[in-house]
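Here is a short briefing on one predicted model.

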Amino acid sequence: MIEFNIRPLATTDRDWLKATLIEHWTSYRIASRGHLVDASQLPGIVAVAGEQCLGLLTYQIVGHECEIVTLNSFREGSGVGTAVMNAAIAAARSAGCRRLWLITTNDNIDAIRFYARLGLRLIKIHHDAITESRRLKPTIPATGCYGLPIRDEIEFEVMLE
């Protein structure tokens, strides 16, 4: 296991954040539930070892809900993803949120397994939702992980109360 620290995104991270989102998500604009969100402007959490970023999570709080907008672990299997998720849950609780939720796609089998292991519940499959998302963000590819067609949004949640 590599040692790392968790910290909030800093103002000085914004250019790096935008470039990282474009590299890993094809844009800093993220499609979720029929809306585009500029993730480069959101609060976030990073896992760092020295100057190296090992993980990144962005989120938005609306009312009493926290949506995880992006999550990247650049060292899978090292605990980075779990650490940034736990930090996001703590931030959401601190902000008075009752629910933390996120969307992933049907092809993202590893993420589905990860969220289930963390205790998030799969609450809804939004069938063919990616068709609408592609209207907003045409760079969403037709196929994803393991060569699977990307079609559906899968919603996970954890209640914080």
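In this predicted model, helix α1 (residues 14-25) lies across β4, β5 and β6. Its direction runs at about 75° to β6. Helix α2 also packs on the sheet, touching β1, β4, β5, β6 and β7. The direction of α2 makes about 160° with that of β6.

**The sheet**
- Seven strands form an open sheet with mixed pairing.
- The strand order is β1-β4-β5-β6-β7-β9-β8.
- β1 and β8 (121-126) stand at the edges with a single partner strand each, so one side of each has no neighbour in the sheet.
- Neighbouring strands are turned by 25° against each other on average, direction ignored.

**The β7-β9 pair**
- β7 and β9 (residues 153-159) pair in the antiparallel sense.
- Seven bridges join β7 and β9.
- W101 has E157, in β9, as its bridge partner.

**Helix α2**
- α2 covers residues 80-94, 15 residues in total.
- From first C-alpha to last, α2 reaches 21 Å, close to the 21 Å expected at 1.5 Å a residue.
- Buried residues in α2 are V80, G81, A83, V84, M85, A88, I89 and A92.
- These buried residues pack against strands β1 (5-8), β4 (44-49), β5 (52-62), β6 (65-73) and β7 (99-105).
- They also pack against helix α3 (109-117).
- G96 follows α2 and has a positive phi, near 85°.

Conventions
Residues are numbered from 1 along each chain as its sequence is written. This is a predicted model: local features need pLDDT of at least 70, side-chain atom pairs count only at pLDDT 80 or more; totals for chains, interfaces and linings use all residues. Side-chain values use heavy atoms; hydrogens and water are left out. Helices (H or I, at least four residues) and strands (E, at least two) are DSSP runs, numbered from the N terminus. The expected span of a helix is 1.5 Å times one less than its number of residues. Buried means under 20% relative accessible area, exposed over 50%, partly exposed in between (1.4 Å probe, protein chains only). Contact means heavy atoms within 4.5 Å. Two strands pair if DSSP finds at least two bridges between them. Axes are lines fitted to C-alpha atoms, for helices over the stretch in contact, and angles run from 0 to 180 degrees between N-to-C directions.
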